[in-house]
Structure formats: structure tokens, C-alpha cells
Amino acid sequence: MSAETIQSRREWLLSDRPASRLQARLGRAYVAWRRFSANRLALVGMLIIIALLVVAAFADVLAPYSPTVGDLKNARLLPPGAAHWFGTDDLGRDIYSRIVYGARWTLYVVILVAIIAAPIGLLVGTIAGYAGGWTDTILMRITDIFLAFPKLVLALAFVAALGPGIENAVLAIAITSWPPYARIARAETLTVRNSDYIKAVQLMGASPFRIVLRHIMPLCISSLIIRVTLDMAGIILTAAGLGFLGLGAQPPLPEWGAMIASGRRFILDQWWVAAAPGAAILIVSLGFNLLGDGLRDALDPRSGDQ
Amino acid sequence: MSVAENQAAAGRGSARAVAILSSLGRFLVIAVTTYLGLLAVTFFIGRVIPIDPVLAVLGDRAPTAVVERTRREMGLDLPWIEQFYLYVKAALRGDFGTSVLTTNPVMSDIRRVFPATIELATLGTIIGAVIGVPLGVLAAVKRGSLIDQVARIVGLIGYSVPIFWLGLLGLVLFYAKLQWIAFPARLDVVFEYTFTPITGFYLLDAAIQGQWDVFYDAWRHIVLPAALLGYLSLAYISRMTRSFMLNELAQEYIVAARAKGLSESRIIWGHALRNAAVPMVTVIALSYANLLEGSVLTETVFSWPGIGLYITNSLQNADMNAVLGGTIAIGSVFIAINLFSDLLYRLLDPRTKAG
Amino acid sequence: MSDTLLDVDDLRVTFPTRTGLVQAVRGVSFSLGRERLGIVGESGSGKSQTGRAIMGLTPPQAEVSAKKLAFDGIDLLSISPRERRALRGNRIAMILQDPKYSLDPVMTIGRQIVETLRTHEKVSKAEARERALAMLQAVQIRDPARVFDLYPHEVSGGMGQRAMIAMMLVTGPELMIADEPTSALDVTVQLDVLKILDKLVAERGMGLIFISHDLRLVSSFCDRVVVMYAGKVVEQIKASELRDAQHPYTRGLLNCMPRVGFERHPLPVLDRKPEWAA
Ligand SMILES: Nc1ncnc2c1ncn2[C@@H]1O[C@H](COP(=O)(O)OP(=O)(O)OP(=O)(O)O)[C@@H](O)[C@H]1O
Ligand SMILES: [Mg+2]
């Protein structure tokens, strides 16, 4: 590609008279991308998340040992070295391999929580915003009540009743994390509810159900994605906390929080057992936070300050 | 002042009082519904989710007679709504049942352990605010500078680090290697028997009684967990302070203050921060509430005998009454702090009129 | 020339922006005695930046340069920031456009006035209060003691702007820069505030720089008028001779003013030529 074609392509993207909807959309995406990629920390965040995805996808290739079966006889609690990069745990399992496989469980948790909690919040928020009146009051009161709860403690209580396990942990976290999404969706809905565009759709006789589903929900998606990305770190930390307390993933799953819990017993002498999984959690959470910040600054220039 | 002016001032005062009272009324309504919501959720967790709530409360080793009696006491044969009514009534009396683990009423257990948590969270918030506010102010004033970058990274790591892990590493470093701090507990065993707490806040109690050896020992135990919680709240407080300050520093009244010839420090601390202080109060209160919650994991790591450790111990022993009682306790304080901070906001901001 | 209060020669203010340097002020020159000078020009012509450069309130990222920028013989660009600050609010004062945003919302009006005074003069609290009350009286606030304890949101816009004037004049400055002091006010109180300002300026023998985009207001209120366009002075003229203005841009501004008794169709459009800015 010559410099000239790149130049003309850029002009096409940045044209202030886009010829098609696609061109306008691509142009906007391009501007957002330029703003995003100018933020070095955001790029670092994106790289971390890409690395997480890659590691999770190719865990079988990347991990030299089994994540669940260890060499009890010869490889118990070995310090980091050439054979075991991050050392081994009390069951002789390679910690590096467990962390690599743990990436899958981290993704499993954040994705499941997101696809449970975000739609609930979206539904509650758009319905409340579009319907208004009593529906709005009641739904938002419920949302506020959930917002006023301590999330981790509530998740603990839920898991206590549901029984420990990673699925129940996901459920408990999802139940406690939808309210902010509902608030965001409602706020977005309120800004478009009285727009001419929605009025026009109403005049054409679309049902409220269809309007909310086809015309309002799509408008809430981008701010919701930013918020979900920013929440990912919190979700990971909560899941790890539950795992640490023995309420999330159960052994022998290589979940990072549970790995820290099992390393706790040897923390004073074999610190590496707990150190590596904690560092993994820190890095991935940091990645999501950086990415979320960058997305927010790029897509929502109003809040570009912090 | 003349009589008329006095009256005018009094009139303003009472208008303000009315405004505060009316918002107080609204807050009471919110407080009550939120508290009922909390009870509804714990009721749901304790009575609806488990297949046999009695078993969930007593464990599976209780004798049949006890099981039957408890079943009747809990009103499990009644319709849901009546059960809930009884549940709320009991909760309002402070009756959360008996803990299987300690065999005490849950409420008396909570009373015993709560001061430890409050002490920890309070110290953590103080650390967080004392460092976080100036850090946020400096980051905003010197926007884009090295200190701004550092504050940002420090904050981001605070948002991203698993606190229980940081606590474990802290123990390795400061307790095992450097021996700067004492082992995980609230006091050395020596003092456990000689020291009689008054308020339950050991630092305070030791200071009141002039037992400085106890004070020092208590300090050596609390300093690391409090510093960790302080770091969490610092991350949040400094970030919010920065954003509030940036917002204030862009206002016209800052230009006016410069035009008056005020010094930069007077402008920053006397005008911008005073304006930012109004929302800051909410942030600090919220971070305090978050620390109460954060204490669950921290207390577990540091064997800190507070509500968090109480809940996790009960969890491990399937002591459902204790878990839910603890949840309600933390939830209530959480709700109270939320409401209180809102109220304080209104009191501090001269612009908030009635409604 | 002991008469000259302010001497501005080739003042330039340059902002670095993402798209390059923006020259907000490009070589403005004028001098001012104890008189009333109006600066007019359309939005973005650099009026406010000129005023702020004189005050020393240019944003830190911007660059200010001038062959000469002297106040009462003091070279403003060479003195230390501390000395500059001592002048600000003391001998040179500035009134901003909108009292709603220019007064600190969480501080009472009285305290804000006292603050200016005590920053520049060593006076006791009681004396500062007395002088603040007297100043409030001077800007024709009928009930100074009451207003003293009010917060800015508790007073009307006109009252707020008077409080602002009081806050800035309490130290008895020699030069006052008023940046559109009445544009944010109700038409009905605009004239009141202007009269108060006019009276105080006359009484105290201050120099005044009155920034506005309203040529008629400026011509009736000032002795001399500087017309700015795109960061440059295109014409300097006595207010009384404005009718004979030569520059086409000034004539354009004049023509845009509605006059009673003349039906004009179509409404005139302000002419802009790049060569005026050159
Ligand atoms: N912070 C800044 N960064 C970059 N450019 C600026 C900045 N502030 C002002 N400018 C530029 O300076 C020019 C002059 O601005 P100024 O505020 O002096 O105009 P003005 O004549 O007062 O207009 P108005 O009547 O709207 O107040 C503007 O065109 C603007 O582009
Ligand atoms: Mg201006």
C-alpha cells in the first residue's frame, strides 16, 4: 500500500460528508480508535487482555504439565526454576501450567457474569426508562436497594445458601452486579425516549416491546460495554475472593483465587505458591481497568478527564 | 445587626431547618425500604433457597426434637408472607437466631466482634483520606506531571490488586522477614488476659487507660491490615479527589480568585478544595462503607476477630444464622453510611435548598 | 509621561494546540491614561485574552510576549510572579462576565470581599468587615449587612455583579478591566450596574478597560475605542468620532447596529476580509 492510498483512505474515513451509513460509522470508529490508541496505557491494557485470550485459547499448547495432576513424589513445593518456572505446589503440580489453565476460568467467570448481569440491567433499565411512572419508580427503588448492599458480603451469603462452586459464585456475582447497568440503561433511555426519532417509530405503530428491543436497547450498548469492561476487574476480584474463601471454584480446578488459598498454608516458607496466581489476578484486573479507562475516554470524550 | 436582619437570618435558618427536615423524612422512607429490601433478600437466602431451612440453620447433627421445635419456632408451616412478617419482627428486635458454632445468640456475637471491624475500617479510612486527598489534589494541580502519573498508577493498582494476596505478601515481608509487625491477631496472648477493653476499640482503650505497652502492641497488630485497607481507600479517594478538583479548577470563580491576587495555595486549598469537599464527603463515606466490606477478606488473612472473620468462620461451618446475621449487620451499617453521607452532603452544600 | 497608566506595545498571546499554534492576540498596542477605553470586536477576536494577559491570567500553557507591557512604569513581563500577584486585585482589578460562576459558591459574599482586602492589606478582621460593608454600600446594595452573610446563589444576577464589583474594588485599584461585565445580566439591570461602575470609576479616578462586543454601549460609555479583529487592532478612535470611522470593519460593526427609524432590508451582514487580519 502506498502512502497515497493510506492518505486517501484516511480522508475517506474522516470525510465530513459521509456518503453512506457505513462510511459514517467506520469514520466514527476510526476517530475513536485514534483517540484510544493515542493512550499508551489503554494499549497496554488491550495487549494484556489479548494475551489473556490467547493464553486461554492455547492453554493446551502453552502449559508444559497437567494443571490437575502433579508429581507428588519428586516435585512437591519446588521453588521457581528451569523445570518449573513458577515452582510447584503442595501436590507437586506445576504452578505455571495451573495459571495458564486458570486463564480459562477467569474468562469463564467474567464472560458468564457479563452475559447474565448486563442483559438483566439492560432490561430493567430500559423498561423503567421507557415506561416511566410507577413502573419506573418501583424498578428503580429495587435497583437502588441492591445498589445499597455490600456486594461481596451479599455474594457470600448467596453462595452460602446455594453451596460452594464456581457456577454458584458466578450466579451470586451476577445477582449483585446488575444494578449499575440498569441505572446506565435507564439514563440512556431517558435521553432518547422523547427524541423525534423514537416518536417517528411510535407513529409507525411499533409496539413498545419492539421499540425498546430494536430501537432503545442498541443505543445503550456502547455505554454499557464501557461500564462492563470497567467492572470486569471487580468481578475478577470478587470471584477470586470467593475462591480464596473456599466458596468459588473447588479443587482441583486451577482457579487463581483458590490457588492463593491453597498457597496460604505455606506462605511463610514457600511464598511462590501464592505469589504467582495473585500476580496473575493483578495483571489481568489491571488490564481490564486500563482498557475500560481507555474505552471510556475514547468513546465518551466528555469524561476524558479521569 | 438590626432586628429586621436578625429576623431575616432566623428566617433563613428555619427555612434551612425545614429543608433538612423534609429531606430527613425522605431519607427515612428510603432507609426503611432499603432495610426491608435487605431483610427480604436475606430471608430469601435463608428460607427460600435452601431445601430445608431448618437443616441449613442447625446442621444435620441436631436431635430430632430440636429440629421439630426449631421448625415451629421459625414458623415454617405458615405462608411465606407471614413468615416474612415474623422474620422482620424478630430482626427489628435484633433477634437473628442462635449461632450453631458459638451457641450464642447471633446478635450478641455481632456486638462482640463489630468493634474490631470498626476500628480497622476507621483507621484504614483515616489513612486513605489523609494520603488520598492531598495526592488527588496534587495530581489535579500538576496534571500530566510525574506525580499525576504516579498517582494514577498507584490508584489503578489499588483497583486491581486482590487485597487478600497483598495481605499475605505483606505478612511474608513485614512479619516473617523484617519482623516489623506482630503475628496475625489483635493483641499478643500476654495481653489478652490482662487487658480489659472498655469501648472495644483497643487502641483507644489502651490510650484511655494509659497502658502504652498495650497500645504499642495493638498498633503492631493493626498497622498492616489497616494500611492495606487504607491503600484500597486511597486508590478510590485520590482518584475521585483528582477528578473533582479538575472540575473545580476549571471554574470561573478560580479565575476570579486569581484576579483577586490570591496565592496559588490559597486558591487550591481554600477555594477549589472547599468546593470539592462537598462531594468528597460522600466519597469518603462510601469508601468507609467499602472498607467494612473489604474487611471480610482482610480479617480472614490477618485473623482479625471482627465481623468479617465471624462471617467466614460461620460459612465454613454452615452456620446460616450467623452468616445472615452478619450480612444484615454489615448491610445495615452500609445503608446507614450511604444515607448519612447523602444527608451530610446536603448540610455542607449551601446551594441545596428544600427538596 | 506620568499620565500613562498602562502601556501596551505589540502584545502577543499564543496557544499551543493539537493542530498547531493559535495566535489569539497578534500584536496589540495601545496606551491608557486615567480614562475609559473600550475594546470591541466580534467573538473570538482576542478581547478577553488581551485583558487576561494584562492581568497575568493567561493559561500557563500559552505564551505571552510584548515589546512593552508596563503598568505605571512597572514592566509587567519582567517582574516576578509574586510581584505580579501583589499587583493583581490590589492595583489592577478585573470584573468577570457572569457572577453566577465567578463567585465562589460555598463562601459568603462578605467573606469573599474581606478575602481580597486582607490579601493585600494588613487590616484587622473588624476593620475589613467595616470596609467590605462600606464597599457594598458603595455599589448601592441597600442592605449590606444582610448581603454580607448571603451565599452567591442567594442573590440575583444584578446583585451578584455588584458584589463582584465590590469584591474587586475594595482595595481601591487604579486600573480596572471589565470583561463584558453586563452581558450575563438581565437587560433591565444592565444599565444600573453600568451606572454604578461608571460612577465609581469617575469618583476614584481609575483607568478602565471595558471589553464588550456591543459597539453602541462602548461608544456611549467610553472615551476611546479600540476595535479588534482576529487578534489585531484594526482601528483606534475617539468615541465621539466613531461616526467617522475609516476602517471598513468598524463601519461594518456600526452598520450592524439597529437604529430607530430606518427600515433596512436585507439586514446587513458583517463583512470580513482576510487582509485585515494580515
Ligand atoms: N485555552 C485556549 N486554547 C487555545 N486557544 C484559545 C484558548 N483560549 C482562547 N483561545 C483562542 O483565543 C481566541 C480569542 O479568545 P478570546 O476569549 O480572547 O475572545 P473574545 O474576543 O473574548 O471573544 P468573546 O466575545 O466570545 O468572549 C479565540 O479565537 C480562541 O480560539
Ligand atoms: Mg471574551
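Q: Which feature does UniProt place at residues 6-255 of chain C?
A: The record names "domain: ABC transporter" there, in an unreviewed entry. Keep in mind that the model shown here is predicted.

Q: How much helix and strand do residues 6-255 of chain C hold?
A: This stretch is 39% helix and 27% strand. Its end C-alpha atoms lie 31 Å apart.

Q: Now chain B. Which domains does the assignment give chain B?
A: There are two entries: domain 1 covers 3-92, and domain 2 covers 106-353. Their C-alpha centres are separated by 27 Å.

Q: How many residues of these two domains of chain B are in contact?
A: Domain 1 brings 19 residues and domain 2 brings 17. Together the two domains of chain B bury about 1,500 Å². Carbon and sulfur atoms account for 74% of that area.

Q: How many salt bridges cross between domain 1 and domain 2 of chain B?
A: The rule finds zero. Residue pairs in polar contact between these domains also number zero, with both residues required to be at pLDDT 80 or more.

Q: Which elements supply the domain 1 side of chain B?
A: Helix 1 (3-48) and helix 2 (53-58) of chain B each give two or more residues. Helix 1 gives the most, with 16 residues. Sorted by class, this side has 13 nonpolar, four polar and two charged residues.

Q: Let us go between chains. How many residues do chain C and chain B bring to their contact?
A: Chain C brings 33 residues and chain B brings 23. The buried area is about 2,500 Å², with 59% of it from carbon and sulfur atoms.

Q: Which residues of chain C lose the most area to chain B?
A: They are Val106(C), Glu115(C) and His153(C). Together these three make up 23% of what the chain C side buries.

Q: How many salt bridges join chain C and chain B?
A: The rule finds three. One salt bridge pairs the side chains of Glu252(B) and Arg52(C), at 3.6 Å from N to O. A salt bridge here needs a nitrogen of Lys or Arg within 4 Å of a carboxyl oxygen of Asp or Glu, so this pair qualifies. There are also eleven residue pairs in polar contact between chain C and chain B, both residues at pLDDT 80 or more.

Q: Which element of chain C gives the most to the side that touches chain B?
A: Helix 4 of chain C does, with six residues. Elements supplying at least two residues include helix 4 (109-120), helix 7 (157-169) and strand 7 (92-95) of chain C. By class, this side of chain C divides into 16 nonpolar, seven polar and ten charged residues.

Q: What do chain B and chain A bring to their contact?
A: Chain B gives 49 residues and chain A gives 42. About 4,100 Å² is buried between them. Carbon and sulfur atoms give 74% of that area.

Q: How many salt bridges and polar contacts link chain B and chain A?
A: The salt bridge count is two. In one of them, Arg239(B) meets Asp293(A), with the closest N and O atoms 3.1 Å apart.

Q: Which elements of chain B give two or more residues to the side that touches chain A?
A: Among them are helix 1, helix 10 (212-249), helix 12 (264-302) and helix 14 (320-348) of chain B. This side of chain B has 32 nonpolar, eleven polar and six charged residues.

Methods. Residues numbered from 1 in each chain as written. Chains lettered and ligands numbered in written order. Predicted model: local features only at pLDDT ≥ 70, side-chain atom pairs only at ≥ 80, totals over all residues. Heavy atoms only, no water. Domains from an automatic or database assignment. Contact = heavy atoms within 4.5 Å. Buried area = accessible area lost by both parts, 1.4 Å probe. Polar contact = N/O pair within 3.5 Å; in protein donor to acceptor, adjacent residues only side chain to side chain. Helix = DSSP H or I, 4+ residues; strand = E, 2+ residues; numbered from the N terminus. Nonpolar A, V, L, I, M, F, W, Y, C, P; charged D, E, K, R; others polar. UniProt positions renumbered as here; feature names shortened; annotations may be inferred.
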